Amino acid sequence: MIKTTHTVILLIAIVYILVVTKVLLLPFVVALLIWYLVKDIRDFIARNRFIKRRFPRWLQNTLVFVIIFGVLTFVSRLLIGSIATFADKLVIYEANVTVLNDYLQQQFNFDFIDYIQNFTGSFDFTQILQPVVNGLSQLLGDGFMIVLYVIFLLMEESTFSVKHRLLFKEEERYQQTMELVNKIDASFGNYISIKTLTSFITATLSYIVMNILGVDTPLLWAIVIFLLNYIPSIGSLIATTFPAIIAVLQEGDPWAGLWVLMGVGLIQVLVGNFLEPRMMGNSLNISPLVVILSLIAWGAIWGVLGMVLSVPIMVMLIIVCARFESTRQIAILLSENGEVN
C-alpha cells in the first residue's frame, strides 16, 4: 500500500513538473528530434567508405546540420510569407462563411452560425484558425534556442560514451545498460526517421494536389500536414480537414472542399495504411489502445508536441520495463502481442 502511494505521488510530481516546465522543455525536445535526424542521416552517409575515411565525425555532423538548418531556414522564410498571405485573406474567408451559411439554410434549413453561437456565445472565424497560425509562429520564434540546443547536443555526443563507461565499474552492468541505450536509440531513431520520410512524402504529394485544385497558400497547409502527420491516429484526419475547410471558405462552395478532401485523403490512406506499415514493420510493438490513451495523456501535458512524442515515449517505456523483472508485466500489458525482449 505504501509503495503504491509513493508511486502515485511520484507520477503526480512528474506530471506537475512537465506541465510547469513546458515552455522551457519544448524547444529542447524539438532540438532532440532534430539531433536524432542529424545523427541518423550522418550514420547513413557514413556507410560510404570514402566519407567514413576522409571526413571526421565532427565534419560529418557539421555538414548534415548545415544542410538541415539551411532547409529549415528556407522553409521558414516561405512559411512566414504564407502566414502573412493567409492572414490577409481571413477577411475574405469570414465573408464566405456567411455565404456558405446562407447556402446551408436554403438547402438543408440549417443555420451553422447560430448553431456555433449556441455553444460558444459568439462566432468569430478568425479565432478558430488563429491557434494554427500562433502555433507555427511560436515554433519559428523558438528557432534560435532550438539551434543552440542542437549544437550542444552534437558537442555532448562525443563525450557521452566516455561518461557512460566511467559510470559503471562492472563490465556486466555496463554491457546491460549499453544494450538498453542502444535499443532505445535504435527504436526512437527508426521511428523518427521513417515518420519524417513518410510525412514528407505525404506533404509533398498533398502540396501538388492542393496546387492543382487551386487551394490558397498550399505551402502553409503542406507544412501543417507534415507536422500533424507525426500525431498517430488523429493527426492525418485533422491534417486532411484543414485544407478542405479552406477550399470551402475560399470558394464558398462545399463541393470544392469535397474534391480536396478526396485528393488529400487518398494520399493519407495510401501512405498511412500501405507505405508506412511496410517501412515500420512490427518494430514498435505497442497496443493500439495504449497509443490512443498515451495520445490523450501526453496531449494534455504537452499539447501538440506531446501527441507527436506519445508513441516513441511509450515504446521507450516498454523497452525499459521489459528489462526488469519487477516491471516486465507492465511491458507485456503495453505491448501489442505480449511478446517483449
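Trainee: Which residue's backbone oxygen does the side chain of Ser294 reach?

Mentor: This is a predicted model, where local features need pLDDT of at least 70 and side-chain atom pairs count only at pLDDT 80 or more, while totals for chains, interfaces and linings use all residues. Residues are numbered from 1 along each chain as its sequence is written, and side-chain values use heavy atoms, leaving out hydrogens and water. The pair is listed as a polar contact (N or O atoms within 3.5 Å, one able to donate a hydrogen and the other to accept it; residues adjacent in sequence count only if both atoms are side-chain atoms). At 3.0 Å, the side chain of Ser294 reaches the backbone oxygen of Val291.

Trainee: Is Ser294 buried or exposed?

Mentor: Ser294 sits in helix α13, residues 288-323; helices (H or I, at least four residues) and strands (E, at least two) are DSSP runs, numbered from the N terminus. Beyond its neighbours within four places in sequence, Ser294 is in contact (heavy atoms within 4.5 Å) with Gly299, Ser310 and Met314. The classes are buried (under 20% relative accessible area), exposed (over 50%) and partly exposed (in between), with a 1.4 Å probe and protein chains only. Ser294 has a relative accessibility of 5%, so it counts as buried.

Trainee: How many of the eleven residues of helix α10 are buried?

Mentor: Helix α10 covers residues 218-228 and is largely enclosed by the rest of the structure. Its buried residues are Pro218, Leu220, Trp221, Ala222, Ile223, Val224, Ile225 and Leu228.

Trainee: What is the phi of Thr217?

Mentor: Most residues other than glycine have a negative phi. Thr217 is in the loop between α9 and α10, and it is buried, with a relative accessible area of 11%. Its phi is positive although Thr217 is not a glycine, and the value is near 40°.

Trainee: Which helices each supply at least two residues of the nonpolar patch?

Mentor: A patch is built from residues with over 30% relative accessible area and no salt bridge; like charges are joined within 9 Å, nonpolar side chains (Val, Leu, Ile, Met, Phe, Trp, Tyr) within 5 Å. This one makes about 1000 Å² of surface, and its members include Leu205, Tyr207, Trp255 and Trp259. Leu205, in α9, counts as partly exposed at 37% relative accessibility. The two helices to name are α9 (171-213) and α12.

Trainee: How far apart in space are Ile267 and Ala203?

Mentor: Ile267 lies in helix α12 and counts as buried at 10% relative accessibility. Not counting residues up to four places away in sequence, Ile267 touches Thr202, Leu205, Ser206 and Val209. Ile267 and Ala203 are 64 residues apart in sequence, while from C-alpha to C-alpha the distance is 9.1 Å.

Trainee: How many salt bridges does a search of the whole structure find?

Mentor: Besides Lys195 with Glu276, the side chains of Glu156 and Lys163 meet at 2.6 Å, N to O. Glu156 is partly exposed at 39% and Lys163 is partly exposed at 44%, whereas Lys195 is buried at 7% and Glu276 is buried at 16%. For the whole structure, the search finds two.

Trainee: How many helices are there in the protein?

Mentor: Of the 341 residues, 37% count as buried. Residues 24 or more positions apart account for 68% of the contacts with a separation of 6 or more. There are zero strands, and the number of helices is 14.

Key
Accessible areas come from the Shrake-Rupley method with a 1.4 Å probe; for residues, only the protein chains shown count as cover. A salt bridge is a side-chain nitrogen of Lys or Arg within 4 Å of a carboxyl oxygen of Asp or Glu.
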